[in-house]
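Please read them with the structure open.

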Amino acid sequence: MSQPAMRPPIESGCPDGFQYMHPVMRRNFGAWKYHEHPRPGVLLHVSEFGEKIWTVKAGTQRILDVFTLRKLCDIGDEYADGYVRFTIRSNIEYMIDAEEKVEPLINALEEAGFIVGGTRNSVSMISHTQGWLHCDIPGTDASGVVKAMMDELIDEFRTCNMPNRVHITTSCCQINCGGQGDIAINVQHTKPPKINHDLVANVCERPSVVARCPVAAIRPALVNGKPSLEVDEKKCICCGACYPPCPPMQINDAEHTKFAIWVGGNHSNARGKPTFQKLVASGIPNNPPRWPEATAIVKRILKVYQEDGQDWERINDWIERIGWPAFFEKTGLPFTRYHIENWRGARNTLNASTHIRF
Ligand code: SF4
Ligand code: SF4
């Protein structure tokens with residue numbers, strides 16, 4: 001008996017990126033010889049065949065309305081060659097094949113209110129998670145934090161005055177996307193969730209909520225005759241992992257949801273292993289719409305790094321050289337008991353806090 005014909009899957013996913021690439025990039029794919037940095041915000045790549053391409057980078061607010069997108073595309077059509085790409089840090093990059101197009105493109109971008117920069121040893125655009133706009137669990141507005149901070153760091157984006165590039169990130173909950181970088185500003189919950197027992201049975205799949213807790217602090221319970229959950233508050237580490245699958249376990253709180261700042265996260269490279277960021281400031285007010293306290297600490301860390309870091313040292317290299325005690329001394333940030341990992345599972349992760357290294 002013949003087999004029934006297999007049904008071919010419908011392919012979906014990313015389209016082939018080559019069709020969107022500048023022709024110079026397509027022609028020289030895999031054959032780039034070197035690159036230069038003529039000025040902040042501009043890169044020049046030269047291929048083995050002698051072809052050149054200039055890339056002009058401008059910051060955007062990442063969450064873009066259609067009018068801004070059209071404006072950016074119109075600038076690309078008029079002043080560049082009609083090719084753009086977005087970087088993972090929400091910068092837009094225009095590719096052009098002639099040096100004389102660089103200046104008019106930069107002028108057009110700046111006249112339209114966009115900031116050109118973010119290359120080489122600058123403070124790059126802050127990458128951030130969704131915030132209040134379109135996630136269901138944020139404890140702060142990550143994109144708002146970015147706007148407030150980049151307003152203050154705009155000159156560090158425009159110029160290249162840091163020892164090396166600085167990648168900053170913000171994340172609006174403690175458990176999911178984002179939040180790793182040279183400097184990371186992350187939400188920090190400081191109290192266990194408050195449970196609305198009337199809603200738990202209707203809304204939550206209780207076994208999966210119990211399974212979700214990393215320290216086994218959640219138990220099934222009968223409250224007012226209804227199936228619900230209870231939290232052992234002595235065990236709870238206030239991570240917020242129970243809140244997404246069970247919204248009646250509200251952990252966001254106007255007063256007790258704070259910010260923490262972590263520094264020194266970096267990927268591995270040819271010279272070193274990956275480094276994990278470590279907590280350097282905690283309990284910072286989550287204070288919209290400008291978050292001045294968190295911004296002040298980030299600026300303080302950047303200023304000391306700028307003055308004390310040696311050429312090409314990333315923040316983690318700088319701290320590795322001077323040591324954590326000197327980091328706290330130079331930045332003036334207090335080292336408190338909250339910096340010490342005292343969770344009982346920490347015997348595997350002691351290396352994660354700033355008081356001990358091995
Ligand atoms: S970091 Fe958390 S709250 Fe923010 S967008 Fe990601 S999942 Fe949502
Ligand atoms: S906040 Fe985290 S530790 Fe606390 S009960 Fe929820 S999942 Fe468990």
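Which residues of helix H10 (residues 324-331) are buried? They are Trp324, Ala326, Phe327, Phe328 and Thr331, where buried means under 20% relative accessible area, exposed over 50% and partly exposed in between (1.4 Å probe, protein chains only). Helices (H or I, at least four residues) and strands (E, at least two) are DSSP runs, numbered from the N terminus.

1. Basis. This is a predicted model, in which local features need pLDDT of at least 70 and side-chain atom pairs count only at pLDDT 80 or more, while totals for chains, interfaces and linings use all residues. Residues are numbered from 1 along each chain as its sequence is written, chains are lettered from A and ligands numbered from 1 in the order in which they are written, and side-chain values use heavy atoms, with hydrogens and water left out.

2. Overall. The protein has 10 helices and 15 strands. Of its 358 residues, 45% count as buried. Its C-alpha atoms fill a box of roughly 75 × 75 × 45 Å, taken along the principal axes. The accessible surface is about 19,800 Å², and carbon and sulfur atoms hold 53% of that; areas come from the Shrake-Rupley method with a 1.4 Å probe, and for residues only the protein chains shown count as cover. Among contacts (heavy atoms within 4.5 Å) with a separation of 6 or more, 62% are between residues 24 or more positions apart.

3. Around H10. The cover over the buried residues of H10 includes S14, S15, H8 and helix H9 (315-322). Just after H10, glycine 332 takes a positive phi of about 75 degrees.

4. Helix H8. Helix H8 (residues 292-308) has 17 residues and should span 24 Å at 1.5 Å a residue; the C-alpha atoms at its ends are 24 Å apart, which agrees. The expected span is 1.5 Å times one less than the number of residues. Its buried residues are Ala294, Thr295, Ile297, Val298, Ile301, Leu302, Val304 and Tyr305. An α-helix has 3.6 residues a turn, so residues three or four places apart point the same way.

5. The five-stranded sheet. An open sheet of mixed pairing has the order S7-S8-S9-S14-S15. S7 and strand S15 (278-285) are at the edges with a single partner strand each, so one side of each has no neighbour in the sheet. Two strands count as paired if DSSP finds at least two bridges between them. Strand S9 (residues 183-189) runs antiparallel to strand S14 (residues 257-263), with seven bridges; within this pair, glutamine 188 has lysine 258 as its bridge partner.

6. Strand S3. Seven of the eight residues of strand S3 (residues 52-59) are buried. Strand S2 (residues 42-47) is joined to S3 by five bridges in the antiparallel sense, and valine 42 is the bridge partner of valine 56 in S3. The hairpin of S2 and S3 has four residues between the strands, and glycine 50 there takes a positive phi near 90 degrees. S3 also pairs antiparallel with strand S5 (residues 91-96) over six bridges, where lysine 57 is partnered by glutamate 93. With S6 the antiparallel pairing has two bridges, and glycine 59 stands opposite isoleucine 115.

7. Serine 124. This residue is in the loop between strand S6 (115-116) and strand S7 (127-128). Serine 124 counts as buried because its relative accessibility is 5%. Not counting residues up to four places away in sequence, serine 124 touches Arg89, Asn91, Gly118, Met150, Phe157, Val166 and His167.

8. The S11-S12 hairpin. Strand S11 (residues 218-223) and strand S12 (residues 226-231) are antiparallel over six bridges, with proline 220 opposite leucine 229. Two residues lie between the strands, and asparagine 224 in the turn has a positive phi of about 50 degrees.

9. Glutamate 230. Glutamate 230 is in strand S12 and is partly exposed, at a relative accessible area of 33%. Leaving aside neighbours within four places in sequence, glutamate 230 contacts Ile195, Ala217, Ile218, Arg219 and Ala221. Its C-alpha atom is 41 Å from that of isoleucine 301, 71 residues apart along the chain.

10. Ligand 1. Around ligand 1 (a heavy atom within 4 Å) are Thr129, Gln130, Cys135, Ile137, Pro138, Ser171, Cys172, Cys173, Asn176 and Cys177. This shell divides into six nonpolar, four polar and no charged residues. Here Ala, Val, Leu, Ile, Met, Phe, Trp, Tyr, Cys and Pro count as nonpolar, Asp, Glu, Lys and Arg as charged, and the others, Gly among them, as polar.
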